[in-house]
Amino acid sequence: MLLVLAGFVVRLAYVQGLDASPVAAKALASRLHTVTIPGDRGRILDAHDIVLASSVERYNIDANPRQVASWKPQDSAAKAAELLAPLLGTTAPELGATLVRDTTFVYLAKDVAPDVYHEVMSLGIDGIWGERTTQRVYPSGSTAGSLLGFVGTDGTGLAGLEQTYNSVLSGKPGKETYEQGAKGQRIPGGTDDVVPAVPGRDVQLTIDRDLQYVAQSALDKRVRETGSEWGTAEVVDVRTGEILALADSGSIDPNHPANADPSRAAAKVYEPGSTAKVITMSAILERGIATPTSQFTVPYAYQVPNGEVFHDSHQHGELHLTLNGILAESSNAGTVMVGQNIPPQVRLDYLAKFGFGRTTGSGLPGESAGLLHTLDDPQWKGDGRSPYTILFGQAVSVTTLQATQVFATIANHGVRVQPHVVKSVEDADGTMQPVPLDTPTRVVSQHTADTLVRMLESAVEDGTGGKAEVPGYRIAGKTGTSQAFEPGGVTKTVASFIGIAPADDPRIVVNVTLYHPRSTIYGGTAAAPVFSTVAGYALQYLGVPPSGKPADLFPTTW
């Protein structure tokens, strides 16, 4: 016995003396528990700092069923389930079935509010704890939903701007390491080391939430009325290039996303149709081929030298139209008659100058560059029609963004300002920094652009765009009826109206496009009424004063 006791004494002296530090370190390590502290994701704000997307504090409620079983002398799991069920929004039998499992970890609830977490913890049930997490919320629901996109269960952006700016919005997680007892309880006064999480940075958009809501509502209503498959509406400030609203019909609610499709305004392409005639008119005016008052006798069908024949949309006899009248009446025959004097390569050059064939740089994910052929493309070799149809917006495909920037350039006196949907991004110091933009470029002369705006007023006053009128404001714009081609040889109709307001001092351009409307195929009857609603609201909302004097229109006939 003395030998045994001597052995214990020697061992005790060794452990407490010579080997104390390693043993203590090992014991401490066995008591340490590390949890991740999530880095809150940055916010997405509208142009006026209204929150469109943010992360809120939430908790997952976890349990160790084996530990819960020893909480009470008997019926421990049943008693815990009875107390927890009302707080977690479930039933005691259902929760009890989870708590009697032979395991050391189960989730009881996810993403509960902080007040619920604190109530749960106040019960003092052994084996029940919570882990902090975050939940992404979108207070405005489907408003701008297709633009914003959404995040996955791990907080990573999966669509829209959430995906494009994921590296900016994502926070850096931290961690906390503390001592816990055998039952998982935190030991008061024990080791507690914290590495703080770093929150993500904010992104501010050019989108105005209220204007976005009005645009989406008007668009959705018109899509239903016309039986269209879908529609888009865009409002852009012509002076700054800021996209104030970009609406997709049937926009997703990011709180409950249905798909990860990008905005159709950026991704879907179609022939622009007659709205592209303004580019042809720009080339005609710039090159001195004709003036707005030049006189032409325009037939219903016009034959070009290679034998190809081009028709207007409605049967008519010979019309005595000015160049202004050809644009106002949207005459294909008249456009080809005058536009054929533009060399074929120059026709393509002007389309490219206005931005066709390349993305706009808007900052939206999934943006398409559209389709702009060259004279050397195999599709055009031997094709006698395409070099003429591009004069009135066929044989070329564009997005809503591209079509809108044409009119924005004209409204801005011929200078292209890069359209963009992101206004600024927060830097490491917490300061909002404007996003870099391309240097504004002159596309056509100011005289040509201002003349075109004056001509486009006739398209509303005397032509096909009468339903786009906004009381008190002069409106310049153009209707379009065109085609879109889907796989399998399917052809769909596209009706659009793009307008400038007010025409006497341009501030905004509004583009409304409806894809395959059933009730009418014409932009003047399908899309123009939505323009009137959205532009009318936008002008008053932005505080744009009414037009000061009546329009001085060019004659349309002679």
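I noted the basis of the entries. The model is predicted, so local features need pLDDT of at least 70 and side-chain atom pairs count only at pLDDT 80 or more, while totals for chains, interfaces and linings use all residues. Residues are numbered from 1 along each chain as its sequence is written, and side-chain values use heavy atoms, with hydrogens and water left out.

I then looked up salt bridges (a side-chain nitrogen of Lys or Arg within 4 Å of a carboxyl oxygen of Asp or Glu). The structure holds 17 of them.

Arg385 forms one with Glu308, their closest N and O atoms being 2.9 Å apart. I found Glu308 partly exposed, with a relative accessible area of 24%.

I next checked Arg66, whose side chain meets that of Asp102 in a salt bridge (2.9 Å, N to O). Arg66 counts as partly exposed at 48% relative accessibility, whereas Asp102 counts as exposed at 64%.

I also recorded a salt bridge between Arg454 and Asp552, with the closest N and O atoms 3.2 Å apart. Arg454 counts as partly exposed at 28% relative accessibility, and Asp552 is exposed, with a relative accessible area of 55%.

Finally, I noted that Glu229, Glu486, Lys492 and Arg518 are linked in a network of salt bridges.

Conventions
Buried means under 20% relative accessible area, exposed over 50%, partly exposed in between (1.4 Å probe, protein chains only).
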